[in-house]
Amino acid sequence: MWRNRFIVLMICLLSIVPAQAQDNLLSNAGFEYNYSGRGRGDFNFAENWGGWFTESPRSEGWMNLPPNAFPHTSYYKYSGTTAQSISKGGGTFTAAAYQEVGNIPAGAIVRGSAFVFLENVPDSQAKVRVGVGSNVGGNPFGGDVTWSPWMTSPFNEYRQISVDHIAAGGNVTLFIYATQAWPNDPNAVYMDDASL
């Protein structure tokens, strides 16, 4: 009698378990240590991640300044020990964290996502998005990048952003891209728990 109940229970459990997705293709998806500079001592990214920024356009002294990047702990992490922070108090910045993954077959549908936190105010018009591109390296304007809608709110809490991309075959890059229209202090974006 108990065997029949056990078998029925197992059949019920197996029928409601969803299909497993492929493992996360990113290395160090949680932005844990080690952090190192990317050309500047104050532009540090987690191991396996790269950093990108632009200084144009700039028609005002506070526009698109080189940002700081470093690990952040305590309140500003979503999980684990650290989150990636990119910031520039008193100015605006346009910057991205990115990671490239190789050997993606043509036609594969990949979903890029990350948890992001905008430390800012609505008047800054701060926004962040996630993009996935085929064979673009670390250039978010490299061509074949599929972008999520902009996340413009809420401020000061984590939200997940995702986008799907049909790979062209070869390498795929995940970008987490942030910018603002007006300066503020504090002005930062925090990134954690990315996946591809």
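Colleague: What makes R58 count as partly exposed?

Modeller: Its relative accessibility is 39%. Buried means under 20% and exposed means over 50%, so a value in between is partly exposed. This is a predicted model, and the values are computed from it.

Colleague: Which side chain meets R58 in a salt bridge?

Modeller: E55 does, at 3.2 Å, N to O. The cut-off is 4 Å, so the pair qualifies. E55 is partly exposed because its relative accessibility is 40%.

Colleague: How many salt bridges does the structure hold?

Modeller: Four. Among them is D42 with R40, where the closest N and O atoms are 2.8 Å apart. Another is R159 with E157, at 3.0 Å.

Colleague: Why is D42 called partly exposed?

Modeller: Its relative accessibility is 35%, so it falls between the 20% and 50% limits. R40, at 24%, is partly exposed too.

Colleague: What are the values for R159 and E157?

Modeller: R159 has 40% relative accessibility. E157 has a relative accessible area of 32%.

Colleague: Turn to the rings. How many aromatic pairs are there?

Modeller: Ring centres must lie within 6.5 Å. By this rule the count is 20. One of them joins Y75 and Y76, with centres 5.3 Å apart and planes at 80°.

Colleague: What makes the Y75 and Y76 pair edge-to-face?

Modeller: The angle does. It is 80°, and planes over 60 degrees apart count as edge-to-face.

Colleague: Y75 or Y76: which is buried and which is exposed?

Modeller: Y75 is exposed, because its relative accessibility is 55% and the limit is 50%. Y76 is buried, because its 17% is under 20%.

Colleague: Why is the pair of W147 and F175 called tilted?

Modeller: The planes stand at 35°. Stacked needs under 30 degrees and edge-to-face over 60, so 35° is tilted. The centres are 6.1 Å apart, so the pair meets the 6.5 Å limit.

Colleague: What parts of the chain does the pair link?

Modeller: Distant ones. W147 is in strand β9 and F175 is in strand β11, 28 residues apart.

Colleague: Buried or exposed: what is F175?

Modeller: F175 has a relative accessible area of 0%, so it is buried. W147 has 23% and is therefore partly exposed.

Colleague: Which residues do ring pairs link into a cluster?

Modeller: W52, Y98, F141, W147, W150, F175 and Y177.

Colleague: Where does the charged end of R129 sit?

Modeller: Over the ring of W147, 3.9 Å from its centre. R129 also lies over the face of Y177, at 4.9 Å from the ring centre.

Colleague: How do you know that E119 has no salt bridge?

Modeller: The nearest side chain of opposite charge is K88, 14 Å away. A salt bridge needs 4 Å or less, so none is counted.

Colleague: What polar contact does the side chain of E119 make?

Modeller: One with the side chain of Y76, at 2.8 Å. The cut-off is 3.5 Å, so that distance qualifies.

Colleague: Where does E119 lie, and which residues is it in contact with, leaving aside neighbours within four places in sequence?

Modeller: E119 lies in strand β7, residues 109-119. Its contacts are Y76, N156, P186, N187, A188 and Y190.

Definitions and conventions:
Residues are numbered from 1 along each chain as its sequence is written. This is a predicted model: local features need pLDDT of at least 70, side-chain atom pairs count only at pLDDT 80 or more; totals for chains, interfaces and linings use all residues. Side-chain values use heavy atoms; hydrogens and water are left out. Rings of Phe, Tyr and Trp (its six-membered ring) pair if their centres lie within 6.5 Å; planes under 30 degrees apart count as stacked, over 60 as edge-to-face and the rest as tilted. Buried means under 20% relative accessible area, exposed over 50%, partly exposed in between (1.4 Å probe, protein chains only). Helices (H or I, at least four residues) and strands (E, at least two) are DSSP runs, numbered from the N terminus. A charge sits over a ring if NZ of Lys or CZ of Arg is within 6 Å of the ring centre and within 35 degrees of the ring normal. Lys and Arg count as positive and Asp and Glu as negative; His and the chain ends are not counted. A polar contact is a pair of N or O atoms within 3.5 Å; within protein, one must be able to donate a hydrogen and the other to accept it, and residues adjacent in sequence count only if both atoms are side-chain atoms. Contact means heavy atoms within 4.5 Å.
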